[in-house]
Amino acid sequence: MSQFDVVVFGASGYTGQFVAEEVARYASGSLTWAVAGRNRAKLEAVLAEASKHVGRDVAEEAGVIVADVKDQTSLEHMCSMSKVLISCVGPYRFFGAPVIEACIANNCHYVDICGETEILERFAEKYHAEAEKAGVHIIQTCGFDSIPADLGMLYTIQNFPGVLTQAESFHKITNGPSGGTVHTGTWESLIYSLANDGELRTKRSGLAPFQWLGPKMKKRGAIAKPKETGSWCIPFMGSDVSVVRRSQRARQEGGQHPVQYGCYFDVGSVLFCLTLYLWGVFIYLFTRTMWGVRFAASHPRLLSLGVFSEE
């Protein structure tokens with residue numbers, strides 16, 4: 001019998017502490033939960049900080065589990081204690097598989113915030129049959145990548161007054177709790193995804209083509225100023241398009257028509273668009289060699305001009 005409804009694994013990490021706070025905010029009396037990670041003192045500090053924000057002592061209601069992604073026994077113990085595990089331990093190409101395996105072995109549902117596109121497809125191919133047999137749900141990309149895009153598309157399909165054949169979304173970033181910086185965990189995921197982009201193309205080459213309803217969606221240019229936003233945009237390079245297309249493929253396999261989707265990043269000025277492209281080309285070329293990948297992963301602040309930070 002599972003002791004907790006939900007366990008937040010990696011709760012003392014940059015993203016994990018925000019997830020733990022949100023769970024604390026909505027968990028009062030409604031579910032049992034715990035935080036998990038390598039260091040008990042840091043986990044207790046996370047609960048103390050969350051208590052300040054939610055207005056009650058969450059340490060009295062939340063459990064603390066010590067578990068290390070490099071210690072499979074500790075992962076098995078953690079998963080055996082929970083009905084649902086939220087994993088905030090990335091990059092998932094390095095730390096995702098052992099956790100998923102422990103969840104399947106212990107009938108614990110798994111949720112993460114992975115945005116590493118080829119890893120999503122690799123894990124789906126590797127673990128789908130095993131998870132289905134065990135009755136375990138493996139649900140990835142449950143953060144900014146790609147809940148707004150995927151559920152937004154589902155909502156639009158369900159509420160559109162007619163037959164929806166195409167849809168687009170536009171992202172515009174504003175400062176959050178970390179100010180104008182992005183954490184280095186996202187940087188590592190970006191670097192290794194660029195380095196392994198060929199793997200994704202290979203996996204998709206054998207898939208059946210989409211049977212679109214209506215004309216094929218016309219892609220906007222590399223730099224565009226759509227009337228919908230009134231400002232300059234570039235194609236969004238995150239996992240949103242890939243995740244939405246995967247969901248649309250499932251619709252097609254289920255006998256429903258798939259909906260075409262495009263996603264763009266609103267950057268404001270044309271000068272900033274050009275700057276981003278030059279920077280993107282530079283980083284992409286860096287990831288063509290293993291030396292470049294290692295150097296880029298180790299120097300996020302330098303190569304991102306301060307945008308990515310551990311702070």
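In which sense do strand β5 and β6 pair, and over how many bridges? The pairing is parallel, over 2 bridges. The legends below refer to a predicted model.

**View 1. The open sheet of 6 strands.** The strand order is β3-β2-β1-β4-β5-β6, and the pairing is parallel. The edge positions are taken by β3 (62-66) and β6 (138-139), each of which pairs on one side only. Within the pair formed by β5 (residues 109-112) and β6, Y110 stands opposite I138 of β6. Helix α3 (residues 72-80) packs on this sheet and touches β1 (4-9), β2 (33-37), β3 and β4 (82-87). The direction of α3 makes about 125 degrees with that of β4.

**View 2. Strand β2 and its surroundings.** Strands β1 and β2 pair in the parallel sense through 4 bridges, and V6 is placed opposite W33 of β2. Of the 5 residues of β2, 5 are buried, so the strand is largely enclosed by the rest of the structure. Both of its faces are covered. W33, V35 and G37 lie on one side and A34 and A36 on the other, all of them buried.

**View 3. The open sheet of 3 strands.** The order here is β7-β10-β9, with mixed pairing. Because β7 (166-171) and β9 (232-235) stand at the edges with a single partner strand each, one side of each is left without a neighbour in the sheet. Neighbouring strands are turned by 35 degrees against each other on average, direction ignored. Strand β10 (residues 260-268) and β9 pair in the antiparallel sense over 4 bridges, and W232 stands opposite G268 of β10. Helix α10 (residues 240-253) lies across β7 and β10 and runs at about 160 degrees to β10.

**View 4. The surroundings of Y261.** Y261 is a residue of strand β10. Its relative accessibility is 10%, so Y261 counts as buried, the cut-off being under 20%. Leaving aside residues up to four places away in sequence, Y261 touches A149, M153, A167, E168, S169, M217, D240, V241 and V244. The C-alpha atoms of Y261 and K219 are separated by 9.7 Å, the two residues being 42 apart along the chain.

View 5. L151 belongs to helix α7 (residues 147-159). With a relative accessible area of 47%, L151 is partly exposed.

**View 6. The loop between β6 and α7.** T141 is located in this loop and has a positive phi of about 50 degrees, although T141 is not a glycine. At 7% relative accessibility T141 counts as buried. S146 is placed in the loop between β6 and α7 as well. The peptide bond joining D145 and S146 is cis, with omega about 0 degrees.

**View 7. Backbone details in two further loops.** P91 lies in the loop between β4 and α4 (92-95). The peptide bond that leads from G90 to P91 is cis, with omega near 0 degrees. N107 is found in the loop between α5 (97-105) and β5. Phi of N107 is near 55 degrees, a positive value in a residue other than glycine.

Notes:
Residues are numbered from 1 along each chain as its sequence is written. This is a predicted model: local features need pLDDT of at least 70, side-chain atom pairs count only at pLDDT 80 or more; totals for chains, interfaces and linings use all residues. Side-chain values use heavy atoms; hydrogens and water are left out. Two strands pair if DSSP finds at least two bridges between them. Axes are lines fitted to C-alpha atoms, for helices over the stretch in contact, and angles run from 0 to 180 degrees between N-to-C directions. Contact means heavy atoms within 4.5 Å. Buried means under 20% relative accessible area, exposed over 50%, partly exposed in between (1.4 Å probe, protein chains only).
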